[in-house]
Amino acid sequence: SSVIWLTACAFSLVLCQSVALEHGSAVFELLTSDCPTEPVMLRLWPPKPECSLLCTLSSECRLSVYLTDRAVCYRLSAMPTSTGSCGSRMVARRKLLASETAPSNPVTVGPSAPTSATPASSLSEASVIQNLSSNFVLWYNFKKSFKKLLYQAEPVNVTEQSPVDGVRLQGSSGSYVKVSTAEFSKYFAFGKQYSMFFQGKFSCNSVDKCISSFLDVNNPTNPTDLYIKSDGNIKARVQFTSGTYISKTWSSGCAGDSVERLMSFGINFGGTDFVFNAYYNGSMINSIDTSTSVFGGNFINVHNNLLIGSCMSAAIQPFDGWLQCWALLTGNLDAAQFDQLRNVCSL
């Protein structure tokens, strides 16, 4: 039983931590010996709670190592050949294999733990990706992973992940998902068509709320972004390297209250302007305004970083709620294709 398993963990001085994962839970063993003497794998700089989460979300990770004196996290794909005492500055957790987790009903520890989960159909998702394979640039299903279609997403101050709801952002300027997108300006060149899709669970309260932004983190003015306005309407803006800046707003009717609701929407850019209709919860909605401006300055790096949940703007608040899916595609999608993305994200 789960009680017996917890007791066994306590008496063996092993901390058993379970974190939500795509196909169930990942169970970690806190090591007191056999720690690596020289970590050599991917080095990251997340807060301590995220070190195990990052390992959980990587199918290749077997060991997470956090060095408390340097605030550095390492992910190792195999147990090290050179080991020694862990010491007070090292927190090492070994991800147990399925054959090592004998209890049939492991206890889930932590705020992100769901009591139940709807099994995800990888075949259905694969089918949609196959159908739109020539269009996909980025596709993230945060109920499952931070890695899709070649580009690894980095969770920043993200400590909750659920196969039911996705990942939770706390509405602070330091909580978002980051993707390095160097040279992505080619997808946003004037005359190019693209589509964006987003699904999440959040409230449309009385603030402008960021969904995502492409920007130069060293000069975050005039980003290519997508956000919910304080009146519940959806706004998208695109910054071209030439200085031209185009924006459009669509009337979504998102309720202006504090209730978190599941919402999905998609927008199309037709090459010279955003398309008049946008996708919102299975229907097409109309634009209510559009504008074009020209700014001076250097915008060559404006699309080098994607921040999902942050626009790095004092006027637009960070996202507060659950991120589920986000996508960038070339070309323009119709309502039926947006429906496919919505259905896959809702599995």
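**Cores, strands and aromatic pairs in a predicted model**

Apart from residues up to four places away in sequence, Leu-323 touches Phe-142, Asp-165, Gly-166, Val-167, Leu-169, Val-177, Phe-198, Gln-199 and Ile-308, where contact means heavy atoms within 4.5 Å. A second, separate core of 15 residues includes Phe-197, Cys-325, Phe-338 and Leu-341. Leu-323 itself is among the residues with the most contacts inside the largest nonpolar core, which has 42 residues; the others are Tyr-194, Phe-265, Ile-267, Phe-274, Trp-326 and Leu-328. A nonpolar core is a set of buried Ala, Val, Leu, Ile, Met, Phe, Trp, Tyr and Cys residues joined through side-chain atoms within 4.5 Å. Buried means under 20% relative accessible area, exposed over 50%, and partly exposed in between (1.4 Å probe, protein chains only).

The model is predicted, and local features need pLDDT of at least 70, side-chain atom pairs count only at pLDDT 80 or more, and totals for chains, interfaces and linings use all residues. Residues are numbered from 1 along each chain as its sequence is written, and side-chain values use heavy atoms, with hydrogens and water left out.

The protein has four helices and 24 strands; helices (H or I, at least four residues) and strands (E, at least two) are DSSP runs, numbered from the N terminus. Of its 347 residues, 48% count as buried. The accessible surface comes to about 15,400 Å², with 51% belonging to carbon and sulfur atoms; accessible areas come from the Shrake-Rupley method with a 1.4 Å probe, and for residues only the protein chains shown count as cover. Among contacts between residues at least 6 apart in sequence, 69% join residues at least 24 apart.

Strand E6 (residues 72–76) is mostly covered, with five of its five residues buried. Val-72, Tyr-74 and Leu-76 point one way from E6, while Cys-73 and Arg-75 point the other way. E6 pairs with strand E5 (residues 63–67) in the antiparallel sense over five bridges, two strands being paired if DSSP finds at least two bridges between them. In this pairing Tyr-66 stands opposite Cys-73. The hairpin of E5 and E6 has four residues between the strands, and Ala-71 there takes a positive phi near 55°.

A further set of antiparallel pairings involves strand E21 (residues 277–280), which pairs with strand E20 (residues 261–269) over two bridges. Gly-266 stands opposite Tyr-279 in E21. E21 also pairs with strand E22 (residues 283–294), in the antiparallel sense over four bridges, and Ala-278 stands opposite Ile-285 in E22. Two residues lie between the strands in the hairpin of E21 and E22. Asn-281, in the loop between E21 and E22, has a positive phi near 50° and is partly exposed at 25% relative accessibility. Most residues other than glycine have a negative phi. Glu-183 also has a positive phi, near 70°; this residue lies in the loop between E14 and strand E15 (194–202) and is exposed, with a relative accessible area of 63%.

Leu-226, in strand E17 (residues 219–228), is buried, with a relative accessible area of 1%. Neighbours within four places in sequence aside, Leu-226 is in contact with Cys-210, Ile-211, Ser-212, Ile-234, Lys-235, Ala-236, Phe-265 and Ile-267. The C-alpha atoms of Leu-226 and Ser-213 are separated by 6.4 Å, with the two residues 13 apart along the chain.

Ser-175 lies in the loop between strand E13 (166–170) and strand E14 (176–180) and counts as buried at 1% relative accessibility. The side chain of Ser-175 reaches the backbone nitrogen of Gln-170 at 3.4 Å. Outside four places in sequence, the contacts of Ser-175 are Val-156, Asn-157, Leu-169, Gln-170 and Gly-309.

A search of the whole structure finds 20 aromatic pairs. Phe-184 and Tyr-187 form one that is edge-to-face, at 5.0 Å centre to centre with 70° between the planes. Rings of Phe, Tyr and Trp (its six-membered ring) pair if their centres lie within 6.5 Å; planes under 30 degrees apart count as stacked, over 60 as edge-to-face and the rest as tilted. Phe-184 is buried, with a relative accessible area of 1%, whereas Tyr-187 is partly exposed at 22%. Both belong to one aromatic cluster, together with Phe-188, Phe-190, Tyr-194, Phe-214, Phe-240, Trp-250, Phe-269, Phe-274 and Trp-326.

Definitions and conventions
A polar contact is a pair of N or O atoms within 3.5 Å; within protein, one must be able to donate a hydrogen and the other to accept it, and residues adjacent in sequence count only if both atoms are side-chain atoms.
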